[in-house]
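Subject: Structure handover

Hello,

Here is the structure you asked about. Please open it first, then read my notes below.

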There are 2 protein chains.
Amino acid sequence: MSDQEPAPAPPVAPARPHPDATRRSDRSRRAIYAAALALVSEVGYPRTTIEGIAARAGVGKQTIYRWWSSKADVLLEAFLDLGEQAARAAGQDPAAQAIPDTGDLAADLRAVLRATVDELCDPRFEAPSRALAAEGLVDEQLGREFVAKLLDPSLQLYVDRLRAAQDAGQIRPDVDPRIALELFVSPLAQRWLQRTAPLSHAYTDTLVEYALYGLVPR
Amino acid sequence: MSDQEPAPAPPVAPARPHPDATRRSDRSRRAIYAAALALVSEVGYPRTTIEGIAARAGVGKQTIYRWWSSKADVLLEAFLDLGEQAARAAGQDPAAQAIPDTGDLAADLRAVLRATVDELCDPRFEAPSRALAAEGLVDEQLGREFVAKLLDPSLQLYVDRLRAAQDAGQIRPDVDPRIALELFVSPLAQRWLQRTAPLSHAYTDTLVEYALYGLVPR
């Protein structure tokens, strides 16, 4: 999305709205995202309803049904918007999603993983993400939808960066980037999801070092 | 536990039971484990109750309260028992929990990760494990208890095996085994938990290869 933050495309294209209506819509849309994220954090996914989101956002539920077909769709866009806000707050252009390529792969991976640690520890992100991830574990359809729409696009950024490193001769040519990225992304994900051990920048720096250079003596 | 499978230690030690009572207790205990695992798979952790477990197992709920103080405790032991049954079915001594040390670290890790893939794909294990993991994501106390009692002890087996490899000069001496194990364990955990991609023996073999030898050219 651009900085003008247009409303998400409705299922059926409406007549072009009056500017005042656009501003009103944008306020409603933000209130709906906030309500959806707050509700799923507080009561979990199964007890989050369109009615509950509408009541909390102070809009009629028809307003929600006009733009989205299900609570899963509302939450999906609320998360995409949260990610864009976080990118903007970090001074990045949310449209230009890519892992930096300074030529130093280790430094670039350390930087992006440190930023991910900070995001995972942000309370605005943590509670709704946990609630949604928990439901995705048991509701296979929801889980697959959110992996496809939220997780896979971010993993693809690592695939792209690792491919560039392969082209530069910095990663073995026979390595599958889609598996390789899991050596540093999945440990961070598991520590966060299951709280198996603390997160820190030193920890993700170590993951990058081990993954790139291996555990056996060189 | 030994092959005689004694009942778990009750909170207050009872008088030594008559042999017939022991056999009855053992049957009840197995029925309670099965009921707890089935219920948590079907209705999730929050809606699993001691009353529901008792009704399904065909025992009085006082029988459950005599041995366990909470549904979390029942489920914890049901999972420990499931793991022991799986070990026994695989021809292992469940008391002698250790990763084999043939001297070939890569081969030993490949073998144990292949066996883990098989267990994760076993439907008897999958549904209750998912239900419990999902609840652990949002219920921090439950999550920490199950990590401490179920997950950490298995991760410690990898720590021990990696330490032995360090002693044998097969792993860099400066590597922290508790972090190193995550390079192959966490990717498997995340693929299983979040269904991000398929599991296979070829996949875990690849993880071992990448983790041991690193992604950059040697």
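Phe184(B) touches Leu215(A) from the other chain letter, and Leu109(B), Leu113(B), Tyr158(B), Leu162(B), Leu207(B) and Ala211(B) as well, leaving out residues up to four places away in sequence. Contact here means heavy atoms within 4.5 Å. The largest nonpolar core has 129 residues, and in it Phe184(A) and Phe184(B) touch the most other members. Such a core is a set of buried Ala, Val, Leu, Ile, Met, Phe, Trp, Tyr and Cys residues joined through side-chain atoms within 4.5 Å. Buried means under 20% relative accessible area, exposed means over 50%, and partly exposed is in between (1.4 Å probe, protein chains only).

A word on the source: this is a predicted model, where local features need pLDDT of at least 70 and side-chain atom pairs count only at pLDDT 80 or more, while totals for chains, interfaces and linings use all residues. Residues are numbered from 1 along each chain as its sequence is written, chains are lettered from A and ligands numbered from 1 in the order in which they are written, and side-chain values use heavy atoms, without hydrogens and water.

Ser186(B) belongs to helix H9 (residues 182-194) of chain B. Helices (H or I, at least four residues) are DSSP runs, as are strands (E, at least two), numbered from the N terminus. Ser186(B) is buried because its relative accessible area is 1%. Its contacts, beyond neighbours within four places in sequence, are Ser186(A), Pro187(A) and Gln190(A).

Now the rings. There are eight aromatic pairs over all chains. Phe, Tyr and Trp rings (for Trp, the six-membered one) pair if their centres lie within 6.5 Å; planes under 30 degrees apart are stacked, over 60 edge-to-face, the rest tilted. Trp67(A) and Trp68(A) form an edge-to-face pair, 5.6 Å centre to centre with 90° between the planes. Both Trp67(A) and Trp68(A) are buried. Ring pairs join Tyr33(A) to Trp67(A) and Trp68(A) in a cluster.

Two arginines sit over rings. Arg130(B) has its charged end over the ring of Trp192(B), 4.7 Å from the centre. Arg191(B) lies over the face of Tyr203(B), 3.7 Å from the ring centre. The test is NZ of Lys or CZ of Arg within 6 Å of the ring centre and within 35 degrees of the ring normal.

Next, charge pairs. The whole structure holds 32 salt bridges over all chains. Each is a side-chain nitrogen of Lys or Arg within 4 Å of a carboxyl oxygen of Asp or Glu.

- Arg161(A) and Asp101(A) meet at 3.0 Å, N to O. Arg161(A) is in helix H7 (residues 140-167) of chain A and Asp101(A) in the loop between helices H4 (71-89) and H5 (105-120), so the pair ties together parts 60 residues apart in sequence. Arg161(A) is buried at 3%; Asp101(A) is partly exposed at 49%.
- Glu209(B) and Arg172(A) meet at 3.2 Å, N to O. This pair crosses between chains, from helix H10 (residues 201-213) of chain B to the loop between H7 and helix H8 (177-180) of chain A. Glu209(B) is partly exposed at 30%, and Arg172(A) is buried at 11%.

Best wishes
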